[in-house]
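Here are some notes on the contacts between the chains. They are meant to be read beside the model.

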Amino acid sequence: MRTDPIRLWLNAHLGLVYVFLYVPILVLIVLSFNKSGLPTTWTGFSTEWYGKLAGNPKILAAAGNSLIVAVASTLISTFIGTLLAMGMEEGKPNPYLDALVAAPMIIPDIVLAIALLSFYTLLNMSLGLQSIVLSHAVFNIAFVCTVVRTRLKNFDRSIVEASIDLGASEVTTFRRVTLPVIAPGVIAAALLSFTLSIDEFIIAYFTAGAGQGSTTFPMQIYAMIRFGVTPEINAIATIVIGFSFLLVLLSQRLNREAA
Amino acid sequence: MRAGLLRAAALACVMSAFGGTAFAEGKIVISNWDGYMPPELLEAFTKETGIAAEMSVHATNEEIMGKVTAGGGQGYDVLFVSSPFAEALKKLDLIAELDPAKIPNLANLYPEARNLSYDPGNHFSVPYAWGTTGLCYRSDLVAAEPTSWMDMLKPADALKGKITMLKTDRWLMAAGLKALGYSVNSVDEAEVGKAKELLTEAKKSLLAYDDTTFYSKLVSGEASLVHAWDGWCNYGIAENAAIKFVVPKEGSDMWVDTMTVTKASENKDGAMAFINYVLRPDVHAWVANNILYKVPNQKAMETLDPALIAQYPNIGMSPADLMKQEQLRDLGDGQKLYTQTVTEITFQ
Amino acid sequence: MNLSRRTILLAPGLGYLALFLVLPCLIIFAYSLFERGTYGGIDYTLTAGNYLRAGSSLFARIFLDSVRIAGTATLVALLIGYPAAYAIAAAPRNRQMALLVLVMLPFWSNYLIRTYAWIVLLNNEGLINRGLESMGVIQEPLPLLYNEFAVVLGLVYNYVPFVILALYSSISRLGPELREASFDLGGSSWTTFRRVTLPLTVPGIAAGAVFVFVLSIGNFVTPDLLGGGQRPMLGNLIYSQYLSARDWPMGSALGFILVLIMLALLFGQAVFAHRAAGEVEARGVPAGAPR
């Protein structure tokens, strides 16, 4: 591979973007060792917050709930959203469909939150983690569909038809022909919806049931605002990020060995 | 193999999501701010009464109020909200009438706390903590100790850019209204208009509006004088003894955080038993020590360690002094005017 | 045959959105036509007053201001995100996934504490100002926090990953031949990029731009914490109508007006994107070829 100036410049830029993305994360990690409970002021080194975290099942349970909500809503919305994107790209452009799919991204969180809670109450539906999952899927489907569509634009339909003409079933055609083409888009879309869901507060708060069983991580943190968001939160964020980081490194190592 | 694992994990997620909703019969659910109660309190309550209790958390009065309005309060038994919100919830018929026979410990409260203007006789709300709003400042960084709202609203040059104010509508407006000698519950358009002018002018000297981390800004020295709730100023005092709290001479508001029982509750007796438990002198004193707020329980306050009051003088403020401040009331239709005015001030 | 296939693909998504978006929003739309109850909730008296009040100059000014801030954030996020996404798409195949996950990883922490971290960096006594002062670069702290700069920075920070994802999905569609072409052609690579690559990635640019713009305009935490609450945006306005003013009809009316205006903007953008794609085809690049 030649090292031409454009590639060098691109890679340098990417490096700087990572610095930009991770500088606040470094601050967050440092603050997890803050002695006092102040959210934005450093007063000294201590590891007591990690100890407190171990004795705080509420925060750990909330983090677990968030993970459940994010995984479940990502699975639902990646599946439904990808089908939707394929369906939309196959036919003639339809502005009404476009509007329907764009709407969940545009509608402000608080409006959707109150709309959904009013709706669930009207249906007498029981609230809990499942209602948060259903609610998060509403906006996630829209985001997934939009990302996957960027991938399907100008997708050559004739190869799909050729495959079917040659006797392959719809499912086989999807697996062998369509999926390999759209896979990077689907993966990007799933990452996006996981990220949106795991950090969403207001819709989750309104559509969660009462009780600790459906309290998500962001709900737990916002509830701490009034009496101090302590470095316990930074501690758990540090653990989550550190753990994910290790997983990425490990998968790279495995990848290289397999290659 | 990997697909199988993934499928199993997904299934487990969905199962636990749907399984989490079944509540044990008779269990009460309490919604409160996180950290506004000793963490072991619920366990102690269950141990003593046999009533299972679960804690839910909310971030703001506004959010729990919105959720209860839209959802009817299903699933909640006890709500902790500030007094104007309790008043509005009662007017919306979302919280229940309390049975004094089931809360005999009401007798431990100060007489003043039994006769609050928004709910004399504690028919639908029981005070949990109370206090006022004023100026929290770094005595080592200000040239002169502040005494008046005007020290914040029309500050000396040295303080400019070193001040934060609360932005929650009732408290931002209260500062302007009180500085001009008006009521904190005024819905007179001329009075609100004058307060708006004063507050708009004051905005020029602000570092920021801050409802959540103002005490942290005092500790770091980013701000020298902040508009603060008394109990919240204590979080700053805990870090730096030079931080002090003063109620401006024009007077201020008096807020009460209350416990209420939802109308939707299926175990109102359990909910009232919980309220009664909190009002026990030893329990309420435990609360005060834990959250560093004044509690309206005479028997509990009498047992507090004088050293605690020496460290946080505003905890020692007497009910008589507190009652000199003006109690916040729900504004009904006037709330619209306040929100509109605050939006205009902050957008200027 | 073809119709039924398309129906099968569309049905789950459209059914889902009809059930969990359209029906709930009909309730909200109905709210917007009634009056506010004295203590919150709804007073069931029909009125058009909410929509009339939404046209007031204060609301219009907040709307325009929000559009400007969200627009700036969108532009900056695209300028940062495009080359980053391009670099990821040009990286060796087995690394791309890890590079993407590393972009998203910081955002699995929490919005509030990331924002606090920025406050630690930017405030007058913060790391950046202290650092520059100790190096003697500045005498007075730079005003980095509690202004529009900080709000835009916070929005770009939180939403640039979404731009990168959308663009990656679109750019990686171009075959390596095409990407290499822009490296190999040296002097004319800019022309290749402008004439071929850029137009072919317009769908990704559009999707990324929509993400940043709509997420920014509805945001209410960043203006409060990094902007010091001194420049409320549309998200704050709608939030406060619902929860502070307890004026659900007004909040609903504002929400609907926002959705309508944004949909109109999106239509404009769709027309523009369509035209751009048409031009490429007209220049003779076969639409289906690069993959």
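**Notes on the chain contacts**

1. The model is predicted. Chain B and chain A meet through 35 residues of chain B and 38 residues of chain A.

2. On the side of chain B that touches chain A, at least two residues each come from α1 (2-19), β1 (28-32), β2 (53-57), α3 (61-71) and α9 (214-220) of chain B. The most comes from α1(B), with 6 residues. By class, this side of chain B divides into 15 nonpolar, 15 polar and 5 charged residues.

3. Chain A also touches chain C: 85 residues of chain A are in contact with 79 residues of chain C. Several helices of chain A supply at least two residues each to this side, among them α1 (5-31), α3 (57-90), α6 (129-152), α8 (170-198) and α11 (231-258). Helix α1(A) gives the most, 15 residues. The side of chain A that touches chain C holds 58 nonpolar, 17 polar and 10 charged residues.

4. One helix pair can be followed in detail across the contact of chains A and C. The axes of α1(A) and α5(C), residues 111-122 of chain C, lie 8 Å apart at an angle of about 95°. Because angles of 65 to 115 degrees count as roughly perpendicular, α1(A) is roughly perpendicular to α5(C).

5. Which residues meet in this pair? From α1(A) they are A:Pro24, A:Val27, A:Leu28 and A:Leu31, and from α5(C) they are C:Ile113, C:Arg114, C:Ala117, C:Trp118, C:Val120 and C:Leu121. The contact of α1(A) with α5(C) has 9 nonpolar residues, no polar ones and 1 charged residue.

Definitions and conventions:
Residues are numbered from 1 along each chain as its sequence is written. Chains are lettered from A and ligands numbered from 1 in the order in which they are written. This is a predicted model: local features need pLDDT of at least 70, side-chain atom pairs count only at pLDDT 80 or more; totals for chains, interfaces and linings use all residues. Two residues are in contact if their C-beta atoms, placed from the backbone, lie within 7 Å. Helices (H or I, at least four residues) and strands (E, at least two) are DSSP runs, numbered from the N terminus. Ala, Val, Leu, Ile, Met, Phe, Trp, Tyr, Cys and Pro count as nonpolar, Asp, Glu, Lys and Arg as charged, and the others, Gly among them, as polar. Axes are lines fitted to C-alpha atoms, for helices over the stretch in contact, and angles run from 0 to 180 degrees between N-to-C directions. Angles under 35 degrees count as roughly parallel, over 145 as roughly antiparallel, 65 to 115 as roughly perpendicular and the rest as oblique.
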